[in-house]
Structures are given as C-alpha cells and as structure tokens.
Amino acid sequence: MSLPSINHMSLPSINPTTTMSWKKLQEHFKSIKDVHMKDLFAKDMERANKMTIKWDDFYVDFSKNRITEETFKNLLELANEVKLKDAIKSQFSGEIINKTEGRAVLHAALRAPEDANFIFGGVNVMPEIYKVKQKIEAFTNEVVNGYRKGFTGKAFTDVVNIGIGGSDLGPAMVVDALQYYKNQLTTHFVSNVDGDHVNEVIKKLNPETTLFVVVSKTFTTQETLSNANTIKDWFLKSASEDAIAKHFVAVSTNIKNVKAFGVDENNIFPMWDWVGGRFSLWSAVGLSISLAVGYKNFDSLLQGANKMDAHFKNEDFETNIPVVLALISVLYNNFFEAESEAIIPYSQYLNQFATYLQQGIMESNGKSVDRNGNPIDYQTGTIIWGEPGTNSQHAFFQLIHQGTKLIPADFIGFKESLHGNQDHQDKLISNFLAQTEALLNGKTKSQVIEEGTSESIIPFKVFEGNKPTNTIFINKLSPESLGKLIAMYEHKIFVQGIIWNIFSYDQFGVELGKQLATKILQEFNSDSNNKHDSSTANLLSYYKSSS
C-alpha cells in the first residue's frame, strides 16, 4: 500500500517551541522553578479544590505539582495553540493520523457501543468489530463452560497466550490485574524467545487440557513463531496433527500462514491495521483476557475505556483528566528537565502496570523527528518506571525523597479492598496518602532538631520536599475502572505526541535490531560472515567458540 503524501497531513504540524504559549511558559518558568509547593498551598487555601477533577468514580488531585494558576493557564493555551482539539477530532474521525504507516488509529472504536459510527475508508467499522466480539464471546463461553474440549474429551484447565510486545504485555497485565475476577482457568504467558522461558511454562502443563492462543498480526514474528513451534512440537509428542485444530487458536491477519500451522480457519480471530500492537488488548488480542475472567468482565473493561474515551473527546481541557496529566508531564519534561516519571499503584494487582505503560509511552513517544521529518531540538518522551506501593517505599523511594533527581510520580490508589480486609486497607491507604504528603512537605532542619537529633546527623535527616505527585484515587479496582485507567494513559500519550509534534503510532526504532539479529543468526548456522564492528565481531566469535 502506498503511503499518503506526508505533505497532506490530517494532523496539525506545529513546532511547540515556536508558539506564543511556549515562549510565555519559558518566561514564566523563571518565576516558578524555585517556588516551594508548601508556599503555594499556604497562599491559597482553595488550591486543592481548584486542582482536583472529580469524574465518575475517579478523584484526580493534581494540586501537589509545581504549578500556579498562571502555569495552568499557559499550559491550556499551549494545548489550544497546537490545535489539540482538531487532532482529537481527526483521531476519532478515522483519519490517517499514523501517517508514516498510512494507517488510522481507531483503538477507541474497539470499545465503542454497537450503534457508534467510526468511519474508515468510507465504511463504518462497527459491524465488523461486533462480529469479532460475538465470536470472542461465543468461544469464551464454550471454553469456560466446558463445552469445547481437548483431543481426549477433557475440558480445558489452562490457557497459554503466545505473543510478544503488545500481543503479550497488555493481556498479561490485565489478567494479572483482574485476578480477583478470574474463573477456573489458569492463564500463562509465553513471550521471550529465551528457551528457558517457554520450557518453564511447558513443564506445568497437561497437553490434554491446555488451549494455546497464538497472537501475531503477521504470523511472522520471530519470537512468537519460535515459541509456538516449540510448544507445537511438545504437544505433538502426546497428540496427532489433527489435534492441533482443537488446541491451537490464532489472532492474526495472515490466514494462509495460520492455516499452514494447523489452526482451524474457524478458530482464527482477525486483527486490523488501524490498531497498533500496544493499543490492541481491546481487540481479539484480548482473547486470553476474556478466557481468564469471562466475556462479561472483558466487556466491562471495554465499557470503562469507552467512558474515558467520551470524557477525553468531549470534556473541556481544564477538567479533562488525560489532557491535564499530559500538560503537567510536558512541563516537567521540557521545562524542569525531569527525564523520568514513576508510576506507583497502591495495589499488588497492578504489579505489571508500569511495565505495560513502559511500552505504551516509550515506544509511542520515543521519537527525535517531528511530523515534518525534521530533527527535533527539544525533549520528547519520558522514561517510565515503577512498582506497587508499599513495596516501592522500601526500594527506590529514598532516591525520590532525598536524591538529586526530580522524579514526578503518579500515585494510583483504590478506596475499597476487594477481599475486604479493612485493617490491611487502612494501612495501605495511610501509606498512599502519607507518601505524597511527605514528598510535598519534606522535613525542615528545625523539625529535625526538635526531634532531638544530634547536630552531626541533622543534615542527613533533612528532606527538601517539593517533589511533585498526581494522586489518582478510584473507588474500587473493577474491570470497568481498569478500562478507564488504561484508556486515560492512552489518551495522555496522544496529547503529548500532539504537543511534541511527533508521530506517536509508528515504532520503526524496534526494527533495526531485528534486522541485524536475522543476519547474525544466519552466521550461527552457516559459514557466512557479515561485516561487524570489532566489539560485535569479538562477541560473536566468543559465542560461537563456546556453542
């Protein structure tokens, strides 16, 4: 398919640093860069109320940031000046905003109601989406209820998702996050081409009662096909070729290759070019989610995301959660020169959430060329990392509290415990609230002295404070609230990409290493020798000499 001309763009292409609002922010930054948030709270008793967004079951407090009302006003002007509203309209209208790959970006359509209207190429894609959703529902119910059985007539007990990147990270994170809602099936994920990974999973499985879901849009991904073929060989030690059709299903667009693998054509779930891998858990890529928690809960996940879509699309910017969070992030990235952001969920269920967001954010906005193809001379992207609280408090919080780096952090918490242990929940939330308060206020020298600390130790116990945080407080971790939370970050990614004038939906940066790996692999299996730098040549020689 030929790409649309880069000159006929459906997105605005505005260098943010040339805007009046950016210049205002540069000047304004001089007056706020050394301001302490404690002073801002002391001057305005209504600050917390003014800088809190209450929406549905979300309570988002962004008052503990190094911003004033003027800062916020300038940031909103920046959003308007880069024509963010037009960009949002372009995305939801099915325009080719992934210009470098000639694709629309319509993951929001996957969670829209059936009567919605998402036009791509002059056709409403909703009927096609709901046809696939009905297939997911029917298949899920057959497996969960025991109607669909393995080659020996036994019901399935285990499901293995075989994929990598967006075909693994999203489903794995969601299945982990929704463990409370899981059914009798045990779900496993195989992603790494490391043979130890797949073999550790295999040894836990019974081939008679295991269903395998192979997820690969092209059905050519090296890691996924290597793992799928290893599992297939293991399976065929216990079963005939005919049994593959009962135990293997695929999510792919490559019908020919999938059928050649042995998957029944009726068990192929389609994908679309207008869904990027890291935004694909809402599609048939989420089949393992549906199998793990049941279709009703999978659908609730989608409904939650759709509610956030409507909020993002329709809400004024000053009370639009993804927009506000994105603007604040841009401020830290481009003015305070903070290079990373921490994601701290106070729920063990979300222990893979930061890992999932690493791909979504860093693969999307890790770009150094603008939408005109010109090199960028300002910072884009943020380094994302994090772990659940309270574990993280005993790991890296020392650096956030007293280190030399400015690390803005999102604190995510839930008012209700799923298992209902109030004592544990009270202790968890007391830490959740205390940490953002401590990061805000710090501890002064006089406070340390009042504690009776010896003079020589005083400097080591002083906390500067003034460390910025957002608090995202949600009523309860449910499939619907998780859908809202994931979609919130997806839209934050989009907003940042628009402001930075980059294409957020291609990922050419992952391809070079793959191409070189293919060449090196050929050298393992033949006498061919490619030209390498001296370091790589030495390492290659060392590996070959020991294998």
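The paragraphs below lead through a predicted model, from a sheet to a pair of helices and then to a single histidine. Residues are numbered from 1 along each chain as its sequence is written, and side-chain values use heavy atoms, without hydrogens and water. Because the model is predicted, local features need pLDDT of at least 70 and side-chain atom pairs count only at pLDDT 80 or more, while totals for chains, interfaces and linings use all residues.

An open sheet of 6 strands runs in the order E1-E2-E13-E12-E10-E11, with mixed pairing, where strands (E, at least two residues) and helices (H or I, at least four) are DSSP runs numbered from the N terminus, and two strands pair if DSSP finds at least two bridges between them. Its edge strands, E1 (52–55) and E11 (383–385), each pair on one side only. Within the sheet, E10 (residues 340–345) and E12 (residues 409–414) pair in the parallel sense over 4 bridges, and Ile-344 stands opposite Phe-411 in E12.

Turning to the helices, Met-308, His-311 and Phe-312 in H13 meet Ile-321, Pro-322 and Val-323 in H14, contact meaning heavy atoms within 4.5 Å.

His-36 sits in the loop between helix H1 (20–32) and helix H2 (37–43). At 17% relative accessibility, His-36 counts as buried, a term that means under 20% relative accessible area with a 1.4 Å probe, protein chains only. The side chain of His-36 reaches the backbone oxygen of Glu-464 at 3.0 Å, and a polar atom of that side chain lies 3.1 Å from the backbone nitrogen of Lys-38.

Definitions and conventions. Buried < 20%, exposed > 50% of the residue type's maximum accessible area, 1.4 Å probe, protein only. Polar contact = N/O pair within 3.5 Å; in protein donor to acceptor, adjacent residues only side chain to side chain.
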